[in-house]
2 protein chains.
Amino acid sequence: MITSADNDKLKTIRKLAQKSWRDKLGLFAAEGEDLVQAGWEPEFVLRAGVDVEPELLNAVSLLGSGTRVIGVYEQRWADPGGDLSIWLSGVEDPGNVGTIIRSAHALADGPVVLGPGCADPYSPKAVRASMGSIFARPPARATLAELPGRPLALSAHGERTLDEVEPAPPLVLCLGAERGGLPEELEREAVRIDVRSESLNVAMAASIALYEAARRMRGHG
Amino acid sequence: MITSADNDKLKTIRKLAQKSWRDKLGLFAAEGEDLVQAGWEPEFVLRAGVDVEPELLNAVSLLGSGTRVIGVYEQRWADPGGDLSIWLSGVEDPGNVGTIIRSAHALADGPVVLGPGCADPYSPKAVRASMGSIFARPPARATLAELPGRPLALSAHGERTLDEVEPAPPLVLCLGAERGGLPEELEREAVRIDVRSESLNVAMAASIALYEAARRMRGHG
């Protein structure tokens, strides 16, 4: 039973709150029973009252109090691919990145591919928002030029709507930040989601686009 | 220029962090230029460096530092209605409630109707997540029995998929919490979204369902 905050495992968890340390160590922390159950082989797991005094575990929690278990894992990165996947550019909010990883797990067969300027998918908020999908479907990293499939950009300014195009595999849906958005060569051919207002959260737009593309690729279109 | 934290307007903003005070005063606070621009007639607006010393405004900020403007508004509540709307039960996360308000504004013509156990849509996180849609389309409150339209429940355990049913107006999509869910009489007739895994965030499920219902009601189905 760990009874001192000076313990090396607790120090590691504290470090993993910072991206620089996550990059350096190639590790990340996942909190909570659901996530730890979904996880791959951990470097180590600390359970409150079993491996560590509860107040010491709480003190290193990245998400709030009452944490009962924290696992530390190596980061894994997939290769881009699949009949349907999604590429993100400049999506800075970790909650959105994690939510899109969760939606892509439910709706696509390829990984979420992170382009420039995206939040770290192994940050605490992204891992939490992914609800275990980070383990089931680890993300990939690639520039636009490195993508193996056909890029189809989603943009509020697209001339055609998503349900006017015929999505053919391998399809890579491309989404930009809420402000800023996509490289110009993508914007020119972009499609939009047919909405009453222009305002859709990027994770909502991603989920709807994945749903629509998956539905039509199954031939329901 | 307000130079004391004892100022009544600053005190009001501080109180509005708490649901009990929001309920009592019938007011809420919105932070940031985007939201204040989207807002209806305010009770008052405080701008950093114009109406109030910046550090005093920061000190009452509910969302973080660097706040340049906070507006205080009366709460408005709509009546349930419209050809397409959504009813929520037990959605406790204010970010999800706000995000669903934003998606419904983009995809439906009726308000988000809050059933039992939902987060306060006028909480700071919900208002922020709604990105102004809280002003454009204020929420409603109703029990299941009070809903004017046809309820169609979404559930991971539904026997049919959403694209197997013919959505006819007035349609009320019904979504429950991530755990717990919907009243039993609704679960029996529930439809599901066709996904590879069972795990979709409630706001994603809501957005996809609204998109699909709106698309089919336009006759693209």
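**Close-up views of a predicted two-chain model**

A:M131 sits in the loop of chain A that runs between α6 (124-130) and α7 (133-136). Everything shown in these close-ups comes from a predicted model.

**View 1. Met131 in chain A has a positive phi.** Look at the backbone here: phi of A:M131 is near 50°, a positive value in a residue that isn't glycine. Is A:M131 buried or exposed? It counts as buried, because it has 23 C-beta neighbours inside 10 Å, and 20 or more is what the label asks for.

**View 2. Met131 in chain B, in its own loop.** Now over to chain B, where B:M131 lies in the loop between α6 (124-130) and α7 (133-136). Its phi is near 50°, again a positive value in a residue other than glycine. B:M131 is buried too, with 23 other C-beta atoms within 10 Å.

**View 3. A cis peptide bond between two prolines of chain A.** Which peptide bond is cis in this view? That's the one from A:P169 to A:P170, with omega near -10°. To find the spot, follow chain A into the loop between β8 (160-161) and β9 (171-176), where A:P170 is located.

**View 4. The cis bond at Pro169 and Pro170 of chain B.** In chain B, the bond to look at runs from B:P169 to B:P170, and it is cis with omega near -5°. B:P170 belongs to the loop of chain B between β8 (160-161) and β9 (171-176).

**View 5. Helix α9 of chain A, from end to end.** This helix covers residues 202-217, which makes 16 residues. How far apart are its end C-alpha atoms? They are 22 Å apart, and that agrees with the 22 Å the helix should span at 1.5 Å a residue. Of the 16 residues of α9(A), 14 are buried, so the helix is largely enclosed by the rest of the structure. Just after α9(A) comes A:G219, with a positive phi of about 90°.

**View 6. Where chain A touches chain B.** The contact draws on 22 residues from chain A and 21 residues from chain B. On the chain A side, α5 (94-107) and α9 each bring in at least two of the residues that touch chain B. What kinds of residues make up that side of chain A? They split into nine nonpolar, nine polar and four charged.

Notes. Residues are numbered from 1 along each chain as its sequence is written. Chains are lettered from A and ligands numbered from 1 in the order in which they are written. This is a predicted model: local features need pLDDT of at least 70, side-chain atom pairs count only at pLDDT 80 or more; totals for chains, interfaces and linings use all residues. Helices (H or I, at least four residues) and strands (E, at least two) are DSSP runs, numbered from the N terminus. A residue is buried if 20 or more other C-beta atoms lie within 10 Å of its own, exposed if 12 or fewer, and partly exposed in between; C-beta atoms are placed from the backbone. The expected span of a helix is 1.5 Å times one less than its number of residues. Two residues are in contact if their C-beta atoms, placed from the backbone, lie within 7 Å. Ala, Val, Leu, Ile, Met, Phe, Trp, Tyr, Cys and Pro count as nonpolar, Asp, Glu, Lys and Arg as charged, and the others, Gly among them, as polar.
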